[in-house]
Structures are given as C-alpha cells and as structure tokens.
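Take a moment to look over the chain below.

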Amino acid sequence: MSVLFINYPKCSTCINARKWLEENKINFENRHIVENNPTKDELKRFIALSGLSARKFFNTSGILYREMKLKEKLVTATEDEMLDILSSNGMLVKRPLLITENGVLIGFKKDKWEEFFK
C-alpha cells in the first residue's frame with residue numbers, strides 16, 4: 001500500500017505520528033506541508049477519499065487561521081473557496097495528513113491509526 005505522510009516537522013503531533021509509522025514498520029513518502037503544500041486538485045481528491053467536509057481540513061488552532069479570521073469566513077464559504085484558501089498556505093491545513101488509496105486520516109489519534117492499518 002502506498003502511504004503519503006504530509007506533515008510539519010516541528011509539530012509535536014506530526015513527530016509522534018511519524019514515530020508511530022516507523023515503529024509499526026509502515027513505509028511512507030514524507031512530505032513537508034509548508035515546502036510542498038497540497039494543491040487544490042490534491043485537496044479535492046483527499047476530501048473525496050476521506051468522506052469528510054473541506055472544513056475538517058482546516059488547522060483551526062493555527063495562528064494564521066485566527067489572523068485571517070477564517071472562523072467567520074468559512075461560515076459562508078463554498079467548498080471551492082475553501083479549497084482555494086487551504087491550497088494557499090500549508091499552515092492552514094490540519095496535520096498530519098496520511099493518504100492511502102483506502103482513505104485519509106487527519107491529525108494523529110493512535111487508536112484510529114491502529115484501526116485503519118489493521
């Protein structure tokens with residue numbers, strides 16, 4: 001199975017997720033979310049594969065999210081507008097993202113990851 005791990009290396013949650021992948025001997029392609037932010041087309045594919053709304057892909061605890069007042073803007077934003085915003089800066093995207101042909105995981109919850117890889 002092909003596994004894409006999109007993360008921010010300084011993020012403690014991403015560090016824990018990476019350790020978990022390594023400990024469980026899961027081979028993955030590592031991608032820095034700021035240096036290589038997901039494109040609009042990639043995000044559209046990830047969202048469809050995840051079965052979640054585009055809103056779930058926002059890093060709501062990030063400084064940039066607050067500075068841009070996205071909480072208010074997203075109330076009326078279309079999915080296309082959300083994709084434009086998400087693809088504009090990797091720090092707006094919730095991380096880590098784990099993408100396989102079987103699904104997408106957002107954030108790191110050990111129990112969910114264990115279940116996903118069973």
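This report covers a helix and then a proline. The model is a predicted one.

**Helix α1**

Start with α1, which runs over residues 12–23. The helix has 12 residues. From its first C-alpha to its last, α1 reaches 16 Å, close to the 16 Å expected at 1.5 Å a residue.

Which residues of α1 are buried? They are C14, A17, W20 and L21. These four cover an arc of only 120° around the axis, so they lie on the same side of α1. An α-helix has 3.6 residues a turn, so residues three or four places apart point the same way.

The face turned away from the buried side carries S12 and E23, which are exposed.

Just after α1 comes K25, with a positive phi of about 55°.

**The loop residue P38**

Now move along the chain. P38 sits in the loop between β2 (29–32) and α2 (40–50). Is P38 buried or exposed? P38 has a relative accessible area of 1%. The cut-off for buried is under 20%, so P38 counts as buried.

What does P38 touch, leaving aside its neighbours within four places in sequence? P38 is in contact with I6, R31, I33, L43, F46, S87 and L97.

W113 is another matter. The C-alpha atoms of P38 and W113 are separated by 21 Å. Along the chain, P38 and W113 are 75 residues apart.

Definitions and conventions
Residues are numbered from 1 along each chain as its sequence is written. This is a predicted model: local features need pLDDT of at least 70, side-chain atom pairs count only at pLDDT 80 or more; totals for chains, interfaces and linings use all residues. Side-chain values use heavy atoms; hydrogens and water are left out. Helices (H or I, at least four residues) and strands (E, at least two) are DSSP runs, numbered from the N terminus. Buried means under 20% relative accessible area, exposed over 50%, partly exposed in between (1.4 Å probe, protein chains only). Contact means heavy atoms within 4.5 Å. The expected span of a helix is 1.5 Å times one less than its number of residues. The arc is that of the directions from the helix axis to the C-beta atoms.
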